[in-house]
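Hello! Please open the structure and keep it beside you while you read this note.

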Amino acid sequence: MELGTKKRLSHIFDPNSHRTIIVPMDHGMTIRAPEGLVNIHKAVDDMNEGGANAVLMHKGLIRASGCADVNAGLGLIMHIAASTNLSPMGNTKILTGTVEEAIRLGADAVSIHLNLGDANEREMLSSAGMIADHCNRWGMPLLMMLYGRGGLIRDSFNVDVVAQCARVGAELGADIVKVSYTGTPESFAKVTECCCCPVVIAGGEMIDSDMRLFQMVYDSLQAGGAGLSIGRNVFDHPRRVTLMKALNAMVHSGASVDDAMTIMAENG
């Protein structure tokens, strides 16, 4: 690993726990801006206050939010792939930025999104390989979000599908892989075991209780997960700063589900 890559990863991973909490804020491109991201300045400030390690967003929001300047201790990941749900080919992600642009904007890493199984999978794989090469040249960490969607895939959460997604990311050269949680620690352990880089879980659709969210987080960590990359379940939460503090305690201090619930109760 290049020295620049190691240094930038230290802005994303906690030096003691070697885990991370990433809050993706790229949803406005794909599905319109969720309520929690309408005021992007407030969203970034709240995530920083709660103890997130990094936020992830497209280049326009990096400029608009000024988060590279205002929240100097918060890691910044620039997302450089996109599509919208207005397109009949919404699962096909195309590149919308470059590694060099991310460096100019002060990013600590770049991220791309691949939907394996999509009819245009080969184009996304080709783009991913090219970006991985550029990241190696510039010493820039690369996060790959990989999901099984489309084609012959009937269950995106199937452990074999998710494990292959994670492995594809590792084989393409990702420094961090983001995949769906498979539902149990036993099944998710099969995902982390086959991936030779850190694996973080996506939050997915809104979860209907704090306890269910905490249980998913706890189980993923017990199965070898390296942390979280959760968006809507955090920034759209009515008590998002407190929730983030509870998640921080779980990811970085080994807090249990009951401990996290206590944090929520005592900071109501």
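The points below look at a cavity and then at a helix.

1. Before you start, please keep in mind that this is a predicted model.

2. The structure holds one cavity of 30 Å³ or more, and the volume of the largest cavity is about 60 Å³. Strand S5 (94-95), strand S6 (109-116) and helix H7 (121-138) are the elements that give two or more residues to its lining.

3. S6 gives the most, with three residues. Sorted by class, this lining has six nonpolar, two polar and one charged residues.

4. Now please turn to helix H12, which covers residues 240-253. With its 14 residues, H12 reaches 19 Å from its first C-alpha to its last, close to the 20 Å expected at 1.5 Å a residue.

5. Is H12 enclosed or open to the outside? Buried here means under 20% relative accessible area. Because 12 of the 14 residues of H12 are buried, the helix is largely enclosed by the rest of the structure. Among the buried residues are Arg240, Leu243, Met244, Asn248 and His252.

6. What do the buried residues of H12 pack against? Their partners are strand S1 (20-24), helix H3 (40-50), helix H10 (210-222), strand S10 (227-229), helix H11 (232-235) and helix H13 (257-266).

7. Finally, have a look just after H12: glycine 254 takes a positive phi of about 75 degrees there.

Technical notes
Residues numbered from 1 in each chain as written. Predicted model: local features only at pLDDT ≥ 70, side-chain atom pairs only at ≥ 80, totals over all residues. Heavy atoms only, no water. 1 Å grid on protein atoms, 1.4 Å probe; cavity = no way out; pocket = protein on both sides within 12 Å on 5 of 7 lines; lining within 4 Å. Points joined across faces, edges and corners; volume = space filled by probe spheres on them. Helix = DSSP H or I, 4+ residues; strand = E, 2+ residues; numbered from the N terminus. Nonpolar A, V, L, I, M, F, W, Y, C, P; charged D, E, K, R; others polar. Expected span 1.5 Å × (residues − 1). Buried < 20%, exposed > 50% of the residue type's maximum accessible area, 1.4 Å probe, protein only. Contact = heavy atoms within 4.5 Å.
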